[in-house]
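Here's a walk through one protein fold, written for someone who would rather look at the picture than at tables of numbers. Have the viewer open while you read.

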Amino acid sequence: MAFWGSGFWELVYIEATYEIDTSERPSFGMVLNPRFLFSPPRNNSWQEHINTSWRSPYRITPHPQFTTTTMPLFPSSLLPPASSLELPEGYTIRPLERSDYTAGFLDVLRVLTKVGEISETAWTERYDWMSQRSEEYFVICVVNGSGTIVGVGSLVVERKFLRNLANCGHIEDIAVLSSEQGNKLGLRIIQTLDHIAQQVGCYKAILDCSEKNRPFYEKCGYTLAGIQMARYYDGSKPKDAPVKKEA
């Protein structure tokens with residue numbers, strides 16, 4: 001792609017959707033789609049560099065639909081059609097967003113296990129780290145009609161040498177607020193992550209679960225395929241670890 005003979009393809013490899021101000025040549029406008037291109041710094045420091053150094057009458061600014069806080073972790077085009085999920089009225093499933101620190105994401109994770117006291121700065125740093133690896137991390141949120149996150153789930157894509165450089169999906173951190181359980185949100189989360197795994201080329205998805213949750217995942221289409229082994233380096237113990245009997 002070329003733009004008036006300049007290196008436009010290199011300069012505007014961006015994650016977000018951006019507009020070009022074409023007021024001087026209004027007949028030549030365009031909007032760039034998200035995440036097809038390379039990852040600039042999320043503080044928009046690249047923008048000033050381009051606007052001051054690029055020899056062009058056009059200026060590039062973030063599209064008003066997106067900001068650095070609302071930019072999703074991955075393209076929503078990877079999600080299944082909303083009509084196929086049969087969510088409760090007013091509920092949606094969407095990618096994790098940078099602003100979700102205040103939307104209840106960590107509160108939902110606390111249903112699953114300990115989370116700790118994570119500051120907003122630490123949250124943002126971790127989110128930005130994941131966003132630079134958006135082909136590996138796919139975190140989704142179920143949001144109710146009030147905009148509060150009530151369910152979460154993650155897919156982590158492992159790239160292998162096996163099976164002709166295959167991709168394997170790891171489903172992690174499935175959690176739903178206790179007040180929302182019974183609405184089949186866990187099922188919808190698994191269905192969504194399965195869809196994403198297929199979309200990004202995984203040949204299989206695997207997950208670990210407790211014995212009591214095994215029937216649920218079997219209903220989701222998963223089958224027993226081995227035994228999970230774990231070793232904890234921070235002194236933690238798995239919830240389902242058998243109690244040692246004293247000799």
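What follows goes from the whole chain down to single residues.

**The ground rules**

This is a predicted model, so local features need pLDDT of at least 70 and side-chain atom pairs count only at pLDDT 80 or more, while totals for chains, interfaces and linings use all residues. Residues are numbered from 1 along each chain as its sequence is written, and side-chain values use heavy atoms, with hydrogens and water left out.

**The overall picture**

The protein has seven helices and seven strands; helices here are DSSP runs of H or I with at least four residues, strands are runs of E with at least two, and both are numbered from the N terminus. Reading from the N terminus, the order is α-β-α-β-β-α-α-β-β-α-β-α-β-α.

Of the 247 residues, 38% count as buried. Buried means under 20% relative accessible area, exposed means over 50%, and partly exposed is what sits in between (1.4 Å probe, protein chains only). The protein exposes about 15600 Å², with carbon and sulfur atoms supplying 51% of that; the areas come from the Shrake-Rupley method with a 1.4 Å probe, and for residues only the protein chains shown count as cover.

As for contacts (heavy atoms within 4.5 Å), take those with a separation of 6 or more: residues 24 or more positions apart account for 64% of them.

**Helix 3 and its cover**

Which residues of helix 3 are buried? In this helix, residues 105–112, they are Phe105, Leu106, Val108 and Leu109. Looking down the axis of helix 3, its buried residues fall within an arc of 155°, so they line one face of the helix. The arc is taken from the directions from the helix axis to the C-beta atoms. What covers these buried residues includes helix 4 (120–131), strand 4 (137–143), strand 5 (149–159) and strand 6 (167–176).

**Strand 6 and its neighbours**

Strand 6 is worth a stop. Five bridges join strand 6 to strand 7 (residues 202–207), and the two run parallel; strands pair if DSSP finds at least two bridges between them. Histidine 170 stands opposite isoleucine 206 in strand 7. Strand 6, helix 6 (residues 185–199) and strand 7 make a right-handed β-α-β unit. Right-handed means that, with the strands pointing away from the viewer, the path from the first strand over the helix to the second runs clockwise.

Valine 176, also in strand 6, is buried, with a relative accessible area of 9%. Among the residues that valine 176 touches, leaving aside those up to four places away in sequence, are Val108, Val111, Val150, Leu185 and Ile189. Valine 176 and valine 111 are 65 residues apart in sequence, yet their C-alpha atoms are 7.2 Å apart in space.

Aspartate 173 is in strand 6 too. Aspartate 173 has a positive phi of about 55° although it is not a glycine, and it is partly exposed at 38% relative accessible area. Another such residue is asparagine 164, with phi near 60°. Asparagine 164 sits in helix 5 (residues 162–165) and is exposed, with a relative accessible area of 73%. For context, most residues other than glycine have a negative phi.

**Salt bridges**

A salt bridge here is a side-chain nitrogen of Lys or Arg within 4 Å of a carboxyl oxygen of Asp or Glu. By this rule there are eight salt bridges. Here are three of them.

| Pair | Closest N to O |
|---|---|
| Arginine 188 and glutamate 86 | 3.5 Å |
| Arginine 214 and glutamate 218 | 2.9 Å |

Arginine 188 is in helix 6, while glutamate 86 is in the loop between strand 2 (59–62) and strand 3 (92–95), 102 residues apart. Arginine 188 counts as buried at 8% relative accessibility, whereas glutamate 86 is exposed at 60%.

Arginine 159 lies in strand 5 and glutamate 135 in the loop between helix 4 and strand 4, so this pair ties together parts that are 24 residues apart in sequence. Arginine 159 is partly exposed at 46%, and glutamate 135 is exposed at 57%.

Arginine 214 and glutamate 218 both lie in helix 7 (residues 214–219), four residues apart, about one turn of the helix. Salt bridges that share partners join Glu211, Arg214 and Glu218 into one network.
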